[in-house]
Structures are given as structure tokens and as C-alpha cells.
Amino acid sequence: MDLKATVNLPTTDFPMKANLPQNEPKMLEHWANIRIYDLVRKARQGSPSWVLHDGPPYANGALHLGHALNKCLKDFIVKSRTMAGFDSPYVPGWDCHGLPIEIKVDEALGRKKLEMDPLEVRHACRKYAEKYLKIQSDQFQRIGVFGDFDHPYSTMTKDYEAKVIENFYAFFEKGLVYKGLKPVYWCIHDRTALAEAEVEYANHTSPSVFVKYALKSDPAGIAPELVAYAGKISTIIWTTTPWTLPASMAVAFHPRAEYQAILDNASGQVYILAAELAAGVMAKLGIGKEHTVLATFAGARLERAIFAHPFLEREILGVLADYVTMDQGTGAVHTAPAHGADDFYTGVKYGLDPTTHVDAGGHITEGLPEYDGKRVFAANEIIVELLKARGVLLGREDIEHSYPHCWRCHKPVIFRATEQWFISMEGKIGEGTLRTEALKAIAGVRWDPAWGEERISNMVATRPDWCISRQRIWGVPIAVFFCESCGKLHEDKATNRAVIELFGREGADAWYARPASEIVPAGTKCAHCGKSTFRKEMDIIDVWFESGSSQASVLPRIFGHWKPSDMYLEGGDQYRGWFHSSLLCSIGLNGEAPYRAVATNGWTLDENGRAMSKSLGNTVDPVDIAKRMGGEIVRFWVASVDFREDVRASENLMVRVAENYRKIRNTFRYILGNLHGFSPAQDLVAFEQMEPMDQYMLLRAADLSAEVCAWYDQMLFHRIYQRLNEFFAVDLSAQYFDILKDRLYTFPRSSRERKSAQTALWRIGEALLRLIAPILSFTADEAWQFMPKMLSRPESVHLSLLPNANDITGEIRDRDQAATLREDWDYLFTVRELALRALEELRTDKSIKANLEARVMITASDDDYKRLAQYADKLAAFFVVSQVEVRVGAPGSPIAFEVGKAVGVKCERCWNFSTHVGEDAKFPTVCERCSANLAVIAGEPAGSVDA
């Protein structure tokens, strides 16, 4: 008999080399052919539902790492909830309207756009969005994301546009929508109003100027001490926006702050400054080195005082405002109602003119020749020079400060008072207002991380009314009408219903394709003047209102009726974006939050913690990683990071993740190779009949499964990543597999001992494939196909459930005995660790080359001895040495080890050393154990031994 042929070497077709870039597309094709998503839905039909509602990314570019992070996290969650037994559908969505797409189309069309009909522009935008929706959809699926990609939601479909306008009318008919003149953030580059959610802050350099406003009114009204200085008194304002000075209508003072009238002894000029700031201002401006405080008075004394505009023939009113602060400036704030929120409301209080003399492109109109027609930021230096020429500039310097920018084009924005459409935060909803009901709903949501609650609460509590109008083309129009005769707003539910039905049939393009007369129902008349000719509003709705309406469009499709989703998961910027707009829309429409829980992922950074940018060359392209290393590596990287924090990525980190992936794959290959010929239906060994070591490993695997399942529930994927890597590398590869090799390779295939090992490997392998399936979706399903077949086994791992303890151990009749065994083998592993350290010393001094050349003698007393003696016949295999002897030590003595070279001759078959090699004449080169095993093998059916 050829001894090599009697060794049960691992045999499997599961490839060692993954070739993920080549094999993943084949798996995707397989999933498409069997319609895996539909099969998963069918398998969970009738189960309790758990729904993560997808936030729509913009369809304006290819997949980037932030997309991959977010979509993989969602996929982990949905798959793990599905495998936990929930019916967890996932409907991907895309935001297809708005500036990001229209800007790209503008760039492509150039001046041609000016000659195009709005419908043509909208058609170009639609084509652009469709292109990138398809690209992103394919790329999300390429990295293994499951979902209803055949039926996604898109904000540019007819049904969605109809739902958006239906939602708008719901707010409109409740009296929550109004049109009014207010200062709003305005992007002069994109020529449109912006909501707070569309503004980001970045550093910006501005000219900081101190400007003298001369007092024209009688100073006696301020303080009698000033009468003698009439004509020489001024206040000083400080501003970082000189371009707003042409719109200056007032100077604001804090009513309760203390102000001083200070005489500059050298020049004879008197300056009114906040007492708290006066010394610093004078030092900075080099005035009043020698001075006299003429009078001290409350800011309230300055109300209705009249000052001169620094370069226009205009009287400037002294006004009072609590927002005047004493942390910088002079305590006197130049007030331009057309260009600031606080300024505007102060202007309303005092009857100031809020007219804006800055057009949509940021050009100043109706100004002095020096700056008329100039863009606001270009006008800054011109106006500074004008101030200098008029002798009113007391100081200037450039400062770098945080300034609002458009988060689309990243250019600085301005405040501009224009007529816009708003949703009132104080409008009545239920027993409260939109604001109070939203705040109440926030408190009932689970926020992860917990700081999210405070963040969004503060935003909702302090935000102004929601500006929902945009001066663009690509979006859902604010579909209201005005009477051509009297100009009044036409409010009519029948007209609203007609528009909803029209958009449902033809989409929002119908607003641009049809005249008002074809949209308004026949016979409709103005409720104010009785006339029947109407004009259309041409502003479009804020895209945040559109995306915030997704809960009203998608959730009824999933549930059959509206109810909150179980979770939203997006980046931290969505507290001011989608989390925020969805909340307000849902409160207005449904009276409750659209989500039960909200989770937030961090930003993607490079390995040094820097933001990624093409200019720095530190970006990581997930599409490129999928092409070179595999989508599985992208997924495994996502699992490796704590997504609640900002996460780091680089080529080096991806390579490390790929190495961990390789170890896991090789572990599965080992399991599959040693399950060759194993049939669970015929060869399964009951728990009570298994070898103690195998029982112990099943108990440990069951503990692992409980941990992992709990972490899936808590979305602690990085802990799953760490624990699985440890279990694969240490518990299995370094320990269990090393111990198991002798039994798997040398025992007869029909032996209980070998089948016990195979039973453990099969149960552990099945469990691990299910546990990693939500994360390593490709590999889990690939290896699943190579596992021993069973009639009741689903065709894909994704149709199975996460394993419970009974799935892993099988039925355990005596739980107490199992608990004792667990304690015993925990102890034995600590002893093994001590023994291995002693053996390492033998290898270090070259006494042995491998542990099988060694013997171990253990001296132990009391309970140590009892435990070791109980398992004495298992210890040699457990330590992977040839011989172990357990001796009784003196009572109370510590455990001690003596290691040396094994006695006897090396067995040619199992490589253990034995004093009985040569006793079997038939097999003279093998040990007594192999001799007995060979006798059994000789009687086994032909073909049962692996060649």
C-alpha cells in the first residue's frame, strides 16, 4: 500500500486565488440570472418589516469613495436585517434635479443655452442625469449592493414630480406657504436663492474698514455735554463688506450697552463708541492718543439720531438692536436692510427702505459712477477708495474669516432681499407649529451618534422660514397662478388637483410646454376680480423639498401605506440637508418624523487625516479598486472602519485589507478541502458523540456568532471585522486547524474521530459563511456553492438566516456538561500556551526543528492535575507534539513543564515519534496508531481515499 495515498489531503475546487476583478462580474451575472433580489424578497415575504430608506445621491458624476462608504454600510444593514429574519426591501434613489446638474449642462451648452427653449434645456438636463444615474447604478451593483435597481426612485420621473407638487399643495392649502420680500442667501454665480442647507462656510479674505458717520441731528438729544461740539461729532462703523455701504440706511446701537462720546484732543473731533470697545478701536486707528471722555450714556439715547451717509446724499437713522455685540467692531453697526437678515427685520421695525440695488448676477445698479454696474466683490476696493477720497475712511485691513459659500459652486454668496416663496416655521401644525412639532418629533427618534439629536434640534430651533424658491429651470416648478388682471395669487384646490394629474401624465415639463389656459380648468375665475386669465409662476421648488418628499413617494410603495421608515443613514452634512428637509416635509404632511432612527457616517480622509482632493493626489477611487483588487476589498475596507468617525483610506490601507481578505479566503479553502466527501445527511456526528476539542470549538463558534449578530444589530461593523479576522487567523488557522491536521489527514474517513472533526468544520464553515455574507457578499456566496449539498439548503447564502447557537452546535442534551467542558478547555488552552512557550525555547536553541520532535512532561497538583489527567490522552494531539506525560506534583505546587526530544522513531505516515514503530511487519515504518488506522483503511470501500 502506498502510504502517501492513505493520507486524506484536502481536496476542493474552491480556488486559492480569488481573481476578484474577473470573478465578481461572473457572480453579478449569476445573481442577475437568478434574480437574487427578488428571491430574497420572496424568502422574507410575510416576515416583520424593517426598512432603511435610501437618501438620493446626485446623479452628476461617477461613484466616489464617500458614495461607496455610504452604500456599502446600507447594504451591510439591509442584508444583516434580512438575514436576521426581517423583510427588508431596499429601494435605491437618485436626486436628479437642481443646480449640480444644470451647472454641468450650462458648461456643456455654453452660449447656446441662451437661444434654447426651457424645454430643450430641461431635456439636456434629463439626458445628463439619466447618463449618470445609469453609471452610478451599475457601479453600486458592481460593489455588491443589493436592491430594487430595476425599479429605483428618481426625482425626475412623472410620478415623483406629481408627488412633489402634491406635497407642495398640501403645505400651500394649510396656509404654510407664502411669498414675501426677505433677505436670503444668494449665489451670484448661479443666480439663485439658496436655503441654509445649501450654504457652507470656508475661509475668505475681506477688506475690513472703519468708516465715519457724521452726526447731523441736535447732539443735545444724546447728551447736553455734546452741544458745544455740534458739527464735529461722528460715530464709527466697522464692516467687512464695503460693497453694502451704498445700501446703508441706519446705524444700530445696543440699547443697554454703555457708549461714550470721546474728544480727540489733537483733532477736535468727537467719536461715539461703545465704552467697552473704545480703547481698542482708538489704538487700532491711531486716534485719541490724548482724549477726553465728554459723556457716557446708554445706547438707547442714540435712537432716532440722524447721521450722514459717508458718500451719498442720504440721512442715516440711529436705531436700536439687541444683536449688536461687544466682541468686535465699534458697537455701532452699519445696517443695510437689503443685505442682512437682522438688518432687514430692523428695517421693518423702523420703516427703512429694503429695496435691493444688486441684480441676480451680483452687479450693483443705480449707484454712483465709480461703482455702478460693478460686481459686489469687485466693488469693494472701489468703494474703499471712494471712502478715502471723501475723508471718512479711518482705517482698513484685510482679514481672513469664515464666510458663507455656495456648496454647489463653492463661491462666496451674499445676502439679497428679494421676493421668494417660503414655508413658515411658525405655521400651525396640529397643536403647535411646524417648528415645535418638528422639535417634539426629534426627541422621539434614536440618533446614532447621540449628538445628532442636539445638532438637528439646534438647527430646527433657530432656523428662519424655509426659502423654497429657486430661479432656475431644472426642477419641479412652484405650480401656482396669478391673475393677469389684478395680480392676486390664485388659490383653488380644483386647479391644484388638475396640475397634479397633469404632472402625473406628462411630468413637470408640462408646465413649460403648455400655456396657463390649457392647465387651469375651464371656467376658472379669479376669486378677487372675476377675470379668467392667469399667468404661471416660473420659479422652481428647492431640491431639498423634492428629496424631502421621498418619504411620501417611496414609503407607501414599500408598505402599501405611509408609515415611518426604520432608519435613515447619510453623512453628517445631512443634518442641514436631507434629514432636515425630510423631517419638515413629513411633519407638515404626516404629523410625525419619517424615521425611527437616524445614523450618520463620517467623511473619507487619506491615511494622514487630510481631506481627499485631486490636486493633492490622495484620492482613492472605489471603481479603480474594484477593477484592480475587487469590489470585495472596497466592502471589507468599509467594514474595517468605525463609520461614525471620519474614516481613512489609501492604497496602502486597501492592500492591508486585501491581505486580511486573503487569509479569510484561505481559511475557507482549508475548510472546504477537508469536507471533501463529507455528507451532512450521512456523516454528521451528534454533539455528545463528538471529540471534546470539536465540541469546544463549536461552543466558541456559537459565542462568536452571538457577538457578531449583536454587533450587526448595533451596526458595529468594525468590531465584526476585527473579531472575525482574529477568529480566522488565531482561533482557527493558528490553533484549531493546526491541532486538527493529524486527525483529518491520518484517521480513516469512516472513523468517528475524523467525522467529528468534519462535522465541526461543516457547522463552523456554514455559520461563518452566513456571518460574513452581509459584508463579503461575493466570497460568501462563491464558497457557499462548494459546501456539502443538502436538500433544505438555499441556493444562495443570501437566502439563509444568520446562525443561532443551535445551528452551530446542533442539539445539546446536557447544557451543564457542555458548560463544564467549555471551562475545562478554556483552561487547557492556557496550559497549551505555556507549553508552546517552553517548546519555542527548544526550537530557538536548535534542539528540535518541529514540535512533533518533542515530548512534554507536565507536573501539576490538585485541580490542575485532575483536569489534565482527565484529558491526558488528548494532550499530545492538542499540543501538536509526539508525547505528553502528566505527573502528580506536591500539593499546592504550581504547574511546571519539562520539554525534551521525543523518544522513539519518526512514523513515516503521521510524522509522530513512537517507540512502537516497526512492530507491525506489514507496515514496518509506521507507528502503532497508523498501523491500526491502515488496517481500517484497507477495509474501506475503494475510492474512499483521496489520491
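1. A definition to begin with: here Lys and Arg count as positive, Asp and Glu count as negative, and His and the chain ends are left out. On that count, this predicted model has 109 positive and 123 negative charges, and their mean positions lie 3 Å apart.

2. Now for the overall make-up. Along the principal axes, the C-alpha atoms fill a box of roughly 130 × 80 × 50 Å.

3. Of the 947 residues, 58% count as buried, where buried means under 20% relative accessible area. The accessible surface of the protein is about 39300 Å², and carbon and sulfur atoms account for 51% of that surface.

4. Contacts along the chain are worth a look too. Take the contacts between residues at least 6 apart in sequence: 78% of them join residues at least 24 apart.

5. Finally, please pick out helix α3, residues 65-83, on your screen. How far apart are the end C-alpha atoms of α3? They are 26 Å apart, which agrees with the 27 Å that its 19 residues should span at 1.5 Å a residue. Helix α3 is mostly covered, with 18 of its 19 residues buried. After α3 comes Gly 85, which has a positive phi, near 105°.

Conventions:
Residues numbered from 1 in each chain as written. Predicted model: local features only at pLDDT ≥ 70, side-chain atom pairs only at ≥ 80, totals over all residues. Heavy atoms only, no water. Buried < 20%, exposed > 50% of the residue type's maximum accessible area, 1.4 Å probe, protein only. Contact = heavy atoms within 4.5 Å. Areas by Shrake-Rupley, 256 points an atom, 1.4 Å probe, with all protein chains shown as cover. Charge placed at Lys NZ, Arg CZ, Asp CG, Glu CD. Helix = DSSP H or I, 4+ residues; strand = E, 2+ residues; numbered from the N terminus. Expected span 1.5 Å × (residues − 1).
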